[in-house]
Amino acid sequence: MPDNLQDWLNDRIAGNPTAAEPSSSVQKKILNDLTASLEPVTPLPSIPVMAAGFASAFLALALILIAMTDKAGLRLMTLVQLASVTTVLAAGAMLVCVFLVWQMIPGSLRLFSAPRVIPVAAVALVLVVALLFPWPRSPAFIREGWPCTLMGLGIAAVAAALISPIVRRGVATSRTAAGAAVGAFAGTLGVAVLQFQCMRQQAPHLLVWHLGSLGLAILIGAGAGWKLPPKSSS
Amino acid sequence: MTPGASQPHAQRGESTEEREFMELMVRYQRADASAVEELVNRLSPRLLRFLAWPRLNPHEAEDLLQDCWMRIHRGRHTYRPSQPVLPWIFAIARHTRLDGYRKRRRLESREKLVAEVPEPVATLAASTTPNDEILGLIETLPKSQQEVLVMLKVSGMTLEEVARSTGSSVGSVKQKAHRAYVKLRELLPKGGRDAG
């Protein structure tokens, strides 16, 4: 674009900058409100530290929950299935942790575009399951499936309850996006535990009932974030 | 020519300003009242122009400004020392503005028709922008392009600052600004096009 179009816009849009001063009474009220509750605060840790913290929490919770189950999935998966699913789930969990921290710290520099990367991760997970796991027909598809979704959501609810107070300490911008990020973290944890615990290692079951619990967790998280009031104190 | 890169002197000036803002924010986190006062005095006019865009009346804009400062205050621990202050502040302001817009829309949808239409209230944006025509043109752009343009031109932010504030990449901001300029060039009256 030519410089002079920008200058032309600068002149017209920016106008007279001194004309938009807030009134002195409003300025005074703002200062009174802020200084009335002025206390020292400790800044949040850096983004890498916080993301590593969430990732560690994810890993610890996943290991504890997997240790508590009978690990049928772990026994049934082939080495290729196990390696592929673990890699995709680990990469997804890292993405979700970074996304979660971005929601907590306004104005943070985003290294990747979440709306572009998250669908790519989701497609990678679907492809891994669709290509590496068998597609048998099961007459009890629904009857055998819904308990898995329920279990995935139960695990997600526990994980969300544990990390929500930490996330809410930081959220100053979009609560819906933060809720969705909490849902994604908790839902991914649910999927990870289900994957190692479930004895039905078939593509239709995994795609519908396991990944379905992740989708539901994200939706519920977004809804809860939209509805819940912000944390009132820092 | 990339948008936002046409004022090198202003940008160099802003980096000094930005360092001052960083120091003030750190002092604010340590509960230094004089830092709060300086930040409020220096940033409120910029925030008000951003919050009032495009045609909000002064009363509503000042309400939003108060709300915005309370959010900044509640979330001041989320500011990371050594990070730029403006993107952090404007990310919060952006959501204050968005919530204010949603609230107004909810109220408007509940309002009943009255027999007499009240006199239109003078708008803050109108008093700050001499050319109403350009306002009308910008309002025809998609919301995301309007937002980028307002942050670049009204708030005087850099591309990276806008990217940080809007939670997107610098490339995406550049693309939106470019599209906005192309569209504006098409829409501009002849006088404006000649200027460009």
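Arg164(B) and Glu160(B) form a salt bridge, with the closest N and O atoms 3.1 Å apart. By salt bridge I mean a side-chain nitrogen of Lys or Arg within 4 Å of a carboxyl oxygen of Asp or Glu. Why do Arg164(B) and Glu160(B) sit about one helical turn apart? Because they are four residues apart in helix 8 of chain B, residues 159–166. Helices here are DSSP runs of H or I, at least four residues long, and strands are E runs of at least two, numbered from the N terminus.

Now the exposure of this pair. Arg164(B) is buried, at 9% relative accessibility. Glu160(B) is partly exposed, at 37%. The cut-offs: buried is under 20% relative accessible area, exposed is over 50%, and partly exposed is in between, with a 1.4 Å probe and protein chains only.

There is also a network. Asp67(B), Arg71(B), Asp99(B) and Arg102(B) are joined into one by salt bridges that share partners.

A word on the model. It is predicted, so local features need pLDDT of at least 70 and side-chain atom pairs count only at pLDDT 80 or more, while totals for chains, interfaces and linings use all residues. Residues are numbered from 1 along each chain as its sequence is written, chains are lettered from A and ligands numbered from 1 in the order written, and side-chain values use heavy atoms, leaving out hydrogens and water.

Back to chain B. Another salt bridge links Arg42(B) to Glu38(B), with closest N and O atoms 3.1 Å apart. Both residues lie in helix 2, residues 33–52 of chain B. They are four residues apart, about one turn of the helix. Arg42(B) is partly exposed, with a relative accessible area of 28%. Glu38(B) is partly exposed too, at 33%.

Next, Asp32(B) and Arg27(B). Their side chains meet in a salt bridge of 2.9 Å, N to O. Are these residues buried or partly exposed? Asp32(B) is partly exposed, at 25%. Arg27(B) is partly exposed, at 30%. Over all chains, the whole structure holds eleven salt bridges.

Now chain B as a whole. It has ten helices and zero strands. From the N terminus on, the elements run α-α-α-α-α-α-α-α-α-α. How much of the chain is buried? Of its 196 residues, 51% are. Take the contacts in chain B with a separation of 6 or more: residues 24 or more positions apart account for 71% of them. Contact means heavy atoms within 4.5 Å. The accessible surface of chain B is about 9300 Å², and 51% of it belongs to carbon and sulfur atoms. Areas come from the Shrake-Rupley method with a 1.4 Å probe; for residues, only the protein chains shown count as cover.

On to chain A. It divides into domain 1, 6–37, and domain 2, 47–227. Those bounds come from an automatic or database domain assignment. The two domain centres, taken over C-alpha atoms, are 44 Å apart.

Last, a surface feature. Val80(A), Val123(A), Leu127(A), Leu131(A) and Leu132(A) form a nonpolar patch, with about 460 Å² of accessible area together. Patches take residues with over 30% relative accessible area and no salt bridge; like charges are joined within 9 Å, and nonpolar side chains (Val, Leu, Ile, Met, Phe, Trp, Tyr) within 5 Å. Which helix gives the largest share? Helix 6 of chain A, residues 114–132, with four residues. Val80(A) lies in helix 5, residues 79–104 of chain A. At 52% relative accessibility, Val80(A) counts as exposed.
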